[in-house]
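Morning, everyone. Please have the sequence and the model open while I talk.

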There are 2 protein chains.
Amino acid sequence: MTLTSSPPAAANHTDRVHRALDAALPTGALVTGAASVERYSHDEAEWAPYALPLAVVRPQTAEQVQAVVRVCLEHGVPVVPRGAGTGLSGGANALAGSVVVSLEAMDAVLEIYPLERYAVVQPGVVNAHLRAVAAEQGLWYPPDPASAPWSTIGGNVATNAGGVCCVKYGVTGDYVLGLQVVTGTGELVRVGRRTAKGVTGYDLTALLVGSEGTLGVVTEVTVRLRPARPAEQTVVGYFDSLVAAGEAVAAVTRSGVTPSALELLDQQCLRAVDDWKNLGLSTDAAVILLARVDAPGAAGDAEAEAVRACFAAAGATWAARSEDEEEAEALFSARRLAYPALERLGPVLTEDVCVPLRAVPTMLARVEEVAARHDVRIANLAHAGDGNLHPLLVTPPGDEAARLRAQAAFEEIHAAAIALGGTVTGEHGVGLLKRGGLEAETEPAVVEMYRAVRRALDPHGILNPGKVVV
Amino acid sequence: MTLTSSPPAAANHTDRVHRALDAALPTGALVTGAASVERYSHDEAEWAPYALPLAVVRPQTAEQVQAVVRVCLEHGVPVVPRGAGTGLSGGANALAGSVVVSLEAMDAVLEIYPLERYAVVQPGVVNAHLRAVAAEQGLWYPPDPASAPWSTIGGNVATNAGGVCCVKYGVTGDYVLGLQVVTGTGELVRVGRRTAKGVTGYDLTALLVGSEGTLGVVTEVTVRLRPARPAEQTVVGYFDSLVAAGEAVAAVTRSGVTPSALELLDQQCLRAVDDWKNLGLSTDAAVILLARVDAPGAAGDAEAEAVRACFAAAGATWAARSEDEEEAEALFSARRLAYPALERLGPVLTEDVCVPLRAVPTMLARVEEVAARHDVRIANLAHAGDGNLHPLLVTPPGDEAARLRAQAAFEEIHAAAIALGGTVTGEHGVGLLKRGGLEAETEPAVVEMYRAVRRALDPHGILNPGKVVV
């Protein structure tokens with residue numbers, strides 16, 4: 001017992017944590033300046049709450065991450081891990097009094113094993129960089145979220161990010177063989193494997209993927225790679241309604257062809273991109289479907305023709321295999337740029353519902369109905385082949401009434417997806433924005449299992465508290 | 001407090017559990033006859049310990065499984081789930097005083113959704129039956145363990161079973177979208193999803209796959225299906241040494257071709273099968289590699305030729321594309337029948353090590369060295385394209401000294417695999433036989449994480465205690 005048994009003043013607490021972090025880190029890795037701290041205090045989720053953290057750290061090694069977590073354990077300070085901050089659910093948003101651990105300085109591709117087709121990378125490696133380095137060796141890292149030019153592998157792992165090619169090649173988790181993590185008790189461990197198969201013990205790797213920093217801080221990722229694939233062919237279809245496009249998607253799936261991309265963009269997305277980037281896009285169609293196929297040689301030609309025929313049979317006003325690679329690239333660029341293009345018009349609340357394919361036309365009709373009823377501008381973007389829809393709720397800047405209407409519409413779209421057997425988040429994660437959705441979607445006994453697992457692996461409750469499940 | 005505070009006599013305890021189970025189950029679902037109970041008390045793992053359970057139950061519905069687990073919870077009785085009993089690690093072996101829950105009566109394919117390409121099945125469905133039912137709809141369930149004609153999907157899920165086509169198409173876990181399970185607290189819940197993507201909450205489905213009945217009893221499985229694939233082509237290579245065959249495997253991988261099967265059998269396997277089944281196999285070669293490729297059309301021809309060229313360049317004494325489908329089938333039958341054929345010669349202890357591909361030739365050399373040093377007959381069978389080797393240690397019936405030598409060799413092969421960066425179990429599971437191997441392979445802090453997760457989901461310790469990790 002000491003004489004001063006009253007709680008320490010907040011300033012003293014902050015000073016002590018700063019000193020302990022400073023002692024654990026190399027010069028420059030502790031960031032406490034107000035402007036910098038603000039910059040690291042949230043991701044790109046619109047209207048998700050955040051507060052200023054007590055500090056930001058930019059460790060350069062796994063051991064430094066471990067030292068930071070141990071300081072936080074000792075001082076009872078929450079740890080908020082962060083990649084590039086491109087998340088759309090608030091998973092990286094800071095809590096008051098927390099320490100944000102930015103992994104961006106740990107950005108090395110450590111090893112590539114061409115024979116076994118895997119790479120070992122630090123979490124701050126940007127997705128597109130890994131893809132480029134793999135390509136130099138004739139290999140391919142498939143997961144391709146729209147944020148690929150900026151988002152990091154660590155962030156992709158934290159959210160189990162999807163992308164365009166998942167319809168054929170799966171999501172981030174399908175490519176994570178193993179992880180090095182700092183645990184909630186401050187241990188630095190490796191889970192998973194580097195062999196093609198392995199079933200020793202529980203699959204903690206899969207448990208950690210998509211856990212949004214609540215079960216461990218990822219300090220290294222071993223990713224599976226594939227051989228480089230044949231060139232893709234593109235098929236474009238124009239439709240005069242969302243529902244007709246939804247039916248074309250079902251027809252493609254029924255045909256037995258698995259496209260390597262099957263994306264939907266509506267006119268609002270196309271116009272927003274064209275107004276911004278002048279890509280010379282045709283913006284006449286109400287909805288465009290963009291498909292790609294990548295079977296080799298003549299089989300690829302047959303797949304492309306099958307997709308075109310499906311589009312035509314479902315009532316496309318125009319459907320053709322793209323002979324013009326530049327045009328095809330422009331259309332896929334429009335897909336990637338739609339989100340930032342719409343953000344130029346005002347805050348964008350991003351849905352990420354995923355429904356069974358048979359429910360895609362119904363779900364698209366519900367979105368239109370919700371938009372009309374709440375008088376909310378909703379642009380539609382979708383990984384249509386996966387049933388993963390991104391209705392984008394655009395509100396005029398500063399219009400508080402519109403914001404409230406958009407938030408009501410957002411919740412209603414969640415409810416509609418759940419009612420159709422779907423989920424509130426296909427690939428963006430729960431973070432803060434989908435916490436209510438998680439509870440609505442999930443049996444209470446399963447939520448209790450989440451809590452039990454979380455308590456087991458983070459017994460002191462310091463890993464990204466308040467996110468995913470509370 | 002009652003007057004009789006001393007522990008109940010064992011007979012009374014057994015009677016009470018029998019009565020409670022009987023009340024919870026339909027007529028005939030409780031099995032207590034000595035011969036039947038013995039039959040259900042172990043799997044096919046050689047020399048793994050087992051004891052007689054207190055009872056065997058054969059429930060017909062998930063609710064009956066739940067009722068059984070609740071009875072066991074109330075009476076503090078361990079629950080040992082069981083599929084077809086084809087396991088090779090002792091995961092389904094009974095403990096004294098346990099209740100074996102055989103899921104074999106729950107054998108219905110409940111639904112198939114061709115558009116979304118998934119099926120919902122009960123755990124007792126035999127793998128080959130699911131494959132046949134899917135094929136009727138132009139769909140394909142890829143995981144194909146050698147036990148496919150007998151083993152159940154529930155058992156495949158419990159062990160995360162592999163097979164021949166995993167080298168291209170992945171293992172059981174890659175096809176499990178969702179599960180219904182009875183938890184360690186007696187809840188009946190669904191985890192996972194029926195959508196193509198979904199990241200709401202932690203991936204409990206992946207955690208449960210491969211958990212060998214220690215985290216929940218699986219009562220329903222939702223499996224992903226693929227479209228039926230093009231016909232496969234077969235390439236056969238004969239080699240005069242294990243090491244030369246190992247080099248051919250590396251050459252195939254380096255070529256960029258991903259075969260749909262790449263299996264290795266040595267002369268001992270071929271002779272054992274041919275002596276038994278008279279398939280007319282050529283048994284001259286020291287080692288045979290069996291490859292299949294399944295790219296469509298001309299691309300398939302190119303793949304087959306590339307594999308043949310790799311075999312030839314690595315020093316095959318003979319390498320050819322099989323023009324004779326009957327011969328190709330006979331060779332793959334030999335692959336499937338090797339294990340039972342060798343069992344005719346005496347007890348077979350089955351290894352399941354998996355090493356990085358670059359270590360395959362070294363690992364095969366180590367196996368030969370261990371066999372010679374311990375004077376143990378070891379036949380070699382391998383999913384060579386995955387680096388997943390099944391050295392089969394055959395001992396003369398009743399030869400106790402040979403048994404002890406085989407067990408010493410078994411442990412040494414584990415150690416060699418770990419030293420080469422591999423794992424003690426690629427696809428058979430830990431069960432009882434690889435528990436020591438798990439501890440040898442895994443960092444203590446990770447074993448502690450396994451224990452923490454297990455305690456979280458099975459707080460009363462009734463789910464298959466003593467298996468995987470204790």
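This is a predicted model: local features need pLDDT of at least 70, side-chain atom pairs count only at pLDDT 80 or more; totals for chains, interfaces and linings use all residues.

Residues are numbered from 1 along each chain as its sequence is written, chains are lettered from A and ligands numbered from 1 in the order written, and side-chain values use heavy atoms, with hydrogens and water left out.

Now the pair. How is chain B laid on chain A? A turn of 180 degrees and a shift of 0.0 Å along the axis do it, with an RMSD of 0.0 Å. Copies are superposed by least squares on the C-alpha atoms of residues with pLDDT of at least 70 in both. That is the relation of a two-fold axis.

Next, the contact. Chain B gives 74 residues and chain A gives 74 residues, where contact means heavy atoms within 4.5 Å. Of the interface residues of chain B, 100% are also interface residues in chain A, so the copies meet through the same surface.

How much area is buried between chain B and chain A? About 5600 Å², with 66% of it on carbon and sulfur atoms. Buried area is the accessible area (1.4 Å probe) that two parts lose on being put together, summed over both. B:K197, B:V199 and B:Y202 supply 17% of what chain B buries against chain A, more than any other three residues.

B:K197 comes up again. This lysine forms a salt bridge with A:D386, the closest N and O atoms being 3.9 Å apart. The rule is a side-chain nitrogen of Lys or Arg within 4 Å of a carboxyl oxygen of Asp or Glu. Across the interface, that rule finds six salt bridges.

Which elements of chain B each supply at least two residues to the side that touches chain A? They are β9 (188-192), α7 (204-208), α8 (242-254), α14 (435-441) and α15 (444-457). α15(B) gives the most, with nine residues. Helices (H or I, at least four residues) and strands (E, at least two) are DSSP runs, numbered from the N terminus.

Last, a sheet in chain A. Four strands form an open sheet in the order β1-β2-β4-β3, with mixed pairing. Two strands pair if DSSP finds at least two bridges between them. The edge strands are β1 (30-31) and β3 (79-82), each pairing on one side only. β2 (residues 55-57) and β4 (residues 99-102) of chain A pair in the parallel sense over three bridges. There, A:V56 stands opposite A:V100.
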